[in-house]
Amino acid sequence: LATVLIYGTGSGPQVVFPGSTTITTLGSGFSQPLGVAVDGGGNVFVGDTVNTTVKEIVAAGGYTTVTPLGSGFNTPKGVAVDGAGNVFVADSGNNAVKEILAAGGYTTVTTLGIGFTFNGPTGVAVDGSGNVYVADNGDSSVYEMSPGCSSASCVRTLGSAGGFGSAAGVAVDGNGNVYVAGSGSVKKMTPGCNSGACVTSLGGGFNTPIGLAVDGSGNIYVGDFGTNQVKEMPAGCASSGCVAILGSGFNAPAGVALDGTGNVYIADRGDSLVKKLNLTTPPSLSFATTNMGSQSSDSPKAVTVANIGNAALTFPVPGTGENPSVSARLTLDGSTTCPEVLSSGSAGTLAAGTNCELAVDFIPAATGSITGSVVLTDNTLNANPAVTQSIGLSGAGATAIVPYIQVNGGAWQQVA
């Protein structure tokens, strides 16, 4: 009889490792992709700009199958996906915003806001209520359309008309705040903003930011096209001092999206690739070769643990030993800021939207290759019982040179 959208906000902690440099390439056959989005099943949708196609990289089978969706596009750029799997497209060359319906296998394409004159739309986003947000590059404006909008009457201007120079990317968070990238800046509008008075600037130091995404804690992820970097800033960041480089090795990164576990997906336009920054995969640490019994010259080495969820992360009390646990001859350095929970103590916590450091020292007790790990136990994604993340450690022990010395004219002695 009818179809209505339902939505809600998930509550829980979520662990990622911002220092991770593990990047994988998904699918193939793209030409200067500009937009990327991820659905609840991990499938990735791509605005394959030069190929004038919207494509899906299917998660099943390891992201090797790439399938075209719909037809009739001209220079599609930004893409977004709603909870029902429908895909929204900023069809820049046609000056239109379109929806590819999931029902029927992504064959039906409808045009939204018919009769309204878009001018090179570049970015698109959709919220839990089905409202569609458009970054209109040619008009330097941001527009909102109500669910199922099929005429110009349901398109309204957000913020100040023409106030977003070269608007390129748009995102919306769970509270209805809208974020816009354009002309070297990232801006935020509060829900229902209809003037320049409710528009604020965030961060700083960007050079042609295009892609935007927001996580459950309000952290903002930016594809900074001009610096070849993906950047992150916390909610409310108002200067370049709180903007961090999340990953490099990209070539004109454009679209940015997050999956349900906190991994970041990038439309890497200059390389014509779609990449995944595996932030949920713990990094590994490798130490310098060190004499037995001595501390390595590169100790301590640190791993950042971040809680990007919207609830406190808990480190439970271990049955024995310590949480996190560390292999023999590897110790937590005094600069560690993460909770160190003893079996005789109480649980530790890490507040939502914050991070801590696990710092490790390497002191080999033998020669040759040595491996170990730091194992962290926590309740990420509300896991019950708690789950573990293992940070691999490696190094090598060497035989120390034991000198001969003469003390006060006495006999020569070999001493350590």
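Student: How far apart are the sulfur atoms of Cys-193 and Cys-198?
Tutor: The model is a predicted one. A sulfur pair has to lie within 2.5 Å to count as a disulfide. Cys-193 and Cys-198 do form one, with an S to S distance of 2.0 Å.

Student: Which handedness does the link of Cys-193 and Cys-198 have, and are the two residues buried or exposed?
Tutor: Cys-193 and Cys-198 are both buried. The angle about their S-S bond is 90 degrees, and the link is right-handed.

Student: Why is the disulfide of Cys-237 and Cys-242 assigned its handedness?
Tutor: The assignment rests on the torsion about the S-S bond of Cys-237 and Cys-242. That torsion is about 95 degrees, so the disulfide is right-handed.

Student: How many residues apart in sequence are the parts that Cys-338 and Cys-356 tie together?
Tutor: Cys-338 and Cys-356 form a disulfide with their sulfur atoms 2.0 Å apart. Its torsion of about 90 degrees makes it right-handed, and both cysteines are buried. Cys-338 sits in the loop between β32 (330-332) and β33 (341-342), while Cys-356 belongs to strand β35 (residues 355-362), so the parts tied together are 18 residues apart in sequence.

Student: What pattern do the disulfides of the protein follow?
Tutor: A search of the whole structure finds four disulfides. With bonded cysteines counted along the chain, the pattern is 1-2, 3-4, 5-6, 7-8.

Student: Turning to the rings, what geometry does the pair of Phe-116 and Tyr-143 have?
Tutor: The count of aromatic pairs comes to five. For Phe-116 and Tyr-143, the centres are 4.8 Å apart and the planes are at 70 degrees. Planes over 60 degrees apart fall in one class, and the pair of Phe-116 and Tyr-143 is edge-to-face.

Student: Which residues make up the cluster that contains Phe-116, and how accessible are Phe-116 and Tyr-143?
Tutor: Phe-116 has 23% relative accessibility and so counts as partly exposed. Tyr-143 has 6% and so counts as buried. Ring pairs link a cluster of Phe-116, Phe-118 and Tyr-143.

Student: Which residue lies over the face of Phe-287?
Tutor: The charge has to be within 6 Å of the ring centre and within 35 degrees of the ring normal. At 5.7 Å from the ring centre of Phe-287, the residue over the face is Lys-301.

Student: In which sense do β36 and β37 pair, and which residue stands opposite Gly-372?
Tutor: Strand β36 (residues 368-378) is joined to β37 by 11 bridges, and the pairing is antiparallel.

Technical notes: Residues numbered from 1 in each chain as written. Predicted model: local features only at pLDDT ≥ 70, side-chain atom pairs only at ≥ 80, totals over all residues. Heavy atoms only, no water. Buried < 20%, exposed > 50% of the residue type's maximum accessible area, 1.4 Å probe, protein only. Helix = DSSP H or I, 4+ residues; strand = E, 2+ residues; numbered from the N terminus. Phe/Tyr/Trp six-rings, centres within 6.5 Å; stacked < 30°, edge-to-face > 60°. Pairing = 2+ DSSP bridges.
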